[in-house]
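Try each task before reading its solution.

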Amino acid sequence: MTAKREKGRRPVITGSVIKRAAAFLLLAALVTACGCTQSGPLVREFFAMDTYMRFSVYGLTDASAAEGAADAVVRLSGLLDATDSRSEVYALNHGGGRPVPVSPETYGVIEGSLALSRELGDSFELTVRPLLTAWGFTKGEHRIPADAELAALIENVDDGRIGLDAERNTVTLPEGMQIDLGAVAKGYAADEAARILREGGAEAALLDLGSSTIFAFGTKPDGTRWRIAVKDPENADGVAGVIETDGGAVSTSGGYERYFTGPDGRVYWHIIDPRTGRPARTGILSVTVLTEDAATGDALSTALFVMGPQAAEEYYREAGGFEYIMLMEDGSVLLTPGAQGVFTLSGSRAGAEVRVVGSGADG
Ligand code: AMP
Ligand code: MG
């Protein structure tokens, strides 16, 4: 995603960027105003969670459900963004070890994310935030922390020590602990948007929350399946393949989304292995996960990226209920059996060596 990548490289706001943003907003306003045609979808484009989002919705008689869905995503973005001092997660991260009351939405996301965190084990920790800060990913001031600094910070990475009080809707983080919902927020937002659209009468929709989180439901009027591109992690504008699906969530995690190159010439990215405190390097360039719901898919894609190919395959055999596509540093592609049936390689990876993994799993 361009927005994120530019953020990672410390953007310079130029006149042309401002002009492009203005043109985008004008286009979005026009599309929103007249996007409701008989055959085509109603299209709603907006900026949230650091990226451009695009909802294409079929079967609505007016735009209110699409507006409601977009508003809900913008609202979640405001509640959950740990870097925004007006957000609830910011308040929680600065609660000084005391219980902090939060809205039912924020409480629900944290409760659900902690359940996913327990399920996914030590590859996935919401409390990874102090490590992200140490590497400079939260402010874009990138640096390589010393081993001792990382070792000290890891002491405060443990989702099991987060306190939840469902009666009072409070969350308690021990002093020194901070959470970051970057690995799951878009997934929750996609599920919430889909719920609002369905309740509002939408028959089908493709929700693109910045290409790393995509959710589709229903059948398009022309009866064709949804086609979702998987990005080439080595070429921002390129496509590595296409997924054809009847619906569900497609979530991608990749080092290419936010990274910096250190003085040592190595690339350091934003997905951190909580056990080492360092960017997870397991030979994976990106992992795309297919699930029924987007929150689970979002958490899973981040966790599988950290686990690496072997542990991910073991987890797939044990847990099941999802499929994945892994684009590897060595050029090869790993596919689970269910992904093999819906994914076609194209572009730069067209002739890549493909390995089917995890066959014989229950899921
Ligand atoms: P995603 O693009 O969904 O893989 O999410 C990446 C984001 O999740 C990062 O920018 C961090 O905010 C956060 N994150 C990084 N590493 C982890 C981890 N091991 N567990 C949970 N969240 C993480
Ligand atoms: Mg994720």
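The exercises below go from the whole chain to single sites.

**Before you start**

This is a predicted model, in which local features need pLDDT of at least 70, side-chain atom pairs count only at pLDDT 80 or more, and totals for chains, interfaces and linings use all residues. Residues are numbered from 1 along each chain as its sequence is written, chains are lettered from A and ligands numbered from 1 in the order in which they are written, and side-chain values use heavy atoms, with hydrogens and water left out.

**Exercise 1. Describe the protein chain as a whole.**

Step 1: begin with secondary structure, taken as DSSP runs numbered from the N terminus (helices are H or I, at least four residues; strands are E, at least two). The protein chain has ten helices and 19 strands.

Step 2: turn to burial, where buried means under 20% relative accessible area, exposed over 50% and partly exposed in between (1.4 Å probe, protein chains only). Of the 363 residues, 52% count as buried.

Step 3: look at contacts, meaning heavy atoms within 4.5 Å. Among contacts with a separation of 6 or more, 59% join residues 24 or more positions apart.

**Exercise 2. Work out which residues hold the magnesium ion (ligand 2).**

Step 1: list the donors, which are N, O and S atoms within 2.8 Å of the metal (3.2 Å for Na, K and Ca); water is not among the atoms, so sites may look incomplete. The ion is coordinated by A183 (O), D298 (O), D298 (OD) and T302 (OG1), at 2.1 to 2.5 Å.

Step 2: A183 sits in the loop between strand 5 (170-172) and helix 8, while T302 is in helix 9, 119 residues apart, and the pair links distant parts of the chain.

Step 3: check their burial. A183 counts as buried because its relative accessibility is 18%, and T302 does so at 13%.

**Exercise 3. What does S301 touch?**

Step 1: locate S301, which is found in helix 9. With 0% relative accessibility, S301 counts as buried.

Step 2: leave out residues up to four places away in sequence; S301 then touches S251, T252, S253, V287 and V289.

**Exercise 4. Characterise the lining of the largest pocket.**

Step 1: On a 1 Å grid over the protein atoms alone, a pocket is an open set of points with protein on both sides within 12 Å along at least five of seven lines, and lining residues have an atom within 4 Å of a point. Grid points are joined across faces, edges and corners, and a volume is the space filled by probe spheres set on the points.

Step 2: the largest pocket has a volume of about 900 Å³. Of its 38 lining residues, D180, L181, G182, A183 and R258 are the closest to the centre.

Step 3: helix 9 (294-319) is one of the elements that each supply at least two lining residues, and helix 9 gives the most, with three.

Step 4: sort the lining into 16 nonpolar, eleven polar and eleven charged residues. Here Ala, Val, Leu, Ile, Met, Phe, Trp, Tyr, Cys and Pro count as nonpolar, Asp, Glu, Lys and Arg as charged, and the others, Gly among them, as polar.

**Exercise 5. Where does M49 lie, and is M49 buried or exposed?**

Step 1: M49 is in the loop between strand 1 (42-48) and strand 2 (51-58).

Step 2: its relative accessibility is 13%, so M49 counts as buried.

Technical notes. On a 1 Å grid over the protein atoms alone, a cavity is a set of points where a 1.4 Å probe fits but cannot get out, and a pocket is an open set with protein on both sides within 12 Å along at least five of seven lines; lining residues have an atom within 4 Å of a point.
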